Amino acid sequence: MENPMSKSAVKISLDLLSNPLCEQDQDFLNMVTALDTAMKRMDAFNQEKVNQIQKTVIEPLKKFGSVFPSLNMAVKRREQALQDYRRLQAKVEKYEEKEKTGPVLAKLHQAREELRPVREDFEAKNKQLLDEMPRFYGSRLGYFQPSFESLIRAQVVYYSEMHKIFGDLTQQLDQPGHSDEQREQENEAKLSELRALSIVADD
């Protein structure tokens with residue numbers, strides 16, 4: 001998992017280093033070299049952040065998600081046991097409502113024998129879910145909290161390093177005594193000179 005922005009920034013700085021202007025102007029070469037170093041540092045810290053998030057956030061989330069198929073299966077088994085229990089219970093009630101003849105009593109006895117293990121199976125499955133589902137839901141915060149804390153720490157470290165990297169870069173490239181407004185005016189003046197060249201003039 002890579003960050004396209006940091007990879008693009010590294011590519012831009014490498015492209016600038018291969019610009020012929022770097023061979024002609026030492027100051028420009030120094031600026032581009034400083035930029036290239038900063039972009040590579042940024043990319044390295046970004047990759048470290050990505051690896052940390054993968055290990056401490058994404059992988060634990062995947063593991064937590066892997067529990068759900070088993071949980072869903074347990075719920076389905078409980079629902080199936082409930083249907084079997086209701087079906088046999090209805091059968092018992094049907095015979096209980098009939099006239100108590102010998103054959104009916106025999107069928108009632110048989111239905112009750114069939115019902116007993118099915119009822120016990122349902123009650124066991126139902127009790128398991130009633131006991132374990134609240135514990136499962138209650139454990140979510142304790143499970144996710146370390147991942148969230150790790151995510152926040154990774155972001156804090158990353159942006160602290162970015163602040164330092166670009167602070168260092170600014171000091172290397174900064175021209176003392178120049179405000180942002182003065183730099184913008186100088187850039188506009190240079191652009192005006194370029195626009196005035198006949199090779200870039202509008203047809």
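Which residues does Val10 touch, not counting residues up to four places away in sequence? I looked this up before anything else. Val10 touches Asp36, Met39, Lys40 and Asp43. By contact I mean heavy atoms within 4.5 Å.

**Ground rules**

I am working with a predicted model, where local features need pLDDT of at least 70, side-chain atom pairs count only at pLDDT 80 or more, and totals for chains, interfaces and linings use all residues. I number residues from 1 along each chain as its sequence is written, and side-chain values use heavy atoms, with hydrogens and water left out.

**Overall layout**

I went through the secondary structure and got seven helices and zero strands. Helices here are DSSP runs of H or I with at least four residues, strands are E runs of at least two, and both are numbered from the N terminus. Read from the N terminus on, the elements go α-α-α-α-α-α-α. The radius of gyration is 36 Å, well over the 17 Å that the globule rule gives for 203 residues, so the protein is more spread out than a compact globule. I note that this radius is taken over C-alpha atoms, and that the rule is 2.2 Å times the number of residues to the power 0.38.

I also checked the extent of the C-alpha trace, which spans about 115 × 45 × 30 Å along its principal axes. Of the 203 residues, 22% are buried. For me buried means under 20% relative accessible area, exposed means over 50%, and partly exposed is in between, with a 1.4 Å probe and protein chains only. The protein exposes about 14800 Å², and carbon and sulfur atoms supply 56% of that. Accessible areas come from the Shrake-Rupley method with a 1.4 Å probe, and for residues only the protein chains shown count as cover.

Next I looked at contacts between residues at least 6 apart in sequence, and 69% of them join residues at least 24 apart. For the charges, I have 30 positive and 34 negative, with mean positions 17 Å apart. Lys and Arg count as positive and Asp and Glu as negative, while His and the chain ends are not counted. Each charge is placed at NZ of Lys, CZ of Arg, CG of Asp or CD of Glu.

Which residues make up the largest nonpolar core? I list 10 residues: Ala9, Val10, Ala34, Ala38, Met39, Met42, Tyr158, Met162, Ile165 and Leu169. The elements giving two or more residues to this core are α1 (4-17), α3 (26-65) and α6 (140-173). A nonpolar core is a set of buried Ala, Val, Leu, Ile, Met, Phe, Trp, Tyr and Cys residues joined through side-chain atoms within 4.5 Å.

Val10 belongs to that core, and I then went to Ser13, which lies in helix α1. Is Ser13 buried or exposed? Ser13 is buried, at a relative accessible area of 1%. Leaving out residues up to four places away in sequence, Ser13 touches Val32, Leu35, Asp36 and Met39. I also took the distance from Ser13 to Arg77: 64 residues apart along the chain, their C-alpha atoms are separated by 60 Å.

Val50 is in helix α3 and counts as buried at 11% relative accessibility. Val50 and Ala154 are 104 residues apart along the chain, and their C-alpha atoms are separated by 8.7 Å.

Ser147 is in helix α6 and is buried, with a relative accessible area of 5%. Its neighbours within four places in sequence aside, Ser147 is in contact with Thr56, Val57 and Pro60.

Ile152 lies in helix α6 and is exposed, at 54%. I put the C-alpha atoms of Ile152 and Glu23 at 44 Å, for 129 residues along the chain.

Arg78 sits in helix α4 (residues 67-97). Arg78 counts as buried, with 18% relative accessibility. Not counting residues up to four places away in sequence, Arg78 touches Phe122, Lys125, Asn126 and Leu129.

My last stop was Pro117, in helix α5 (residues 102-138). Pro117 is partly exposed at 45%. Its C-alpha atom and that of Lys91, 26 residues apart along the chain, are separated by 15 Å.
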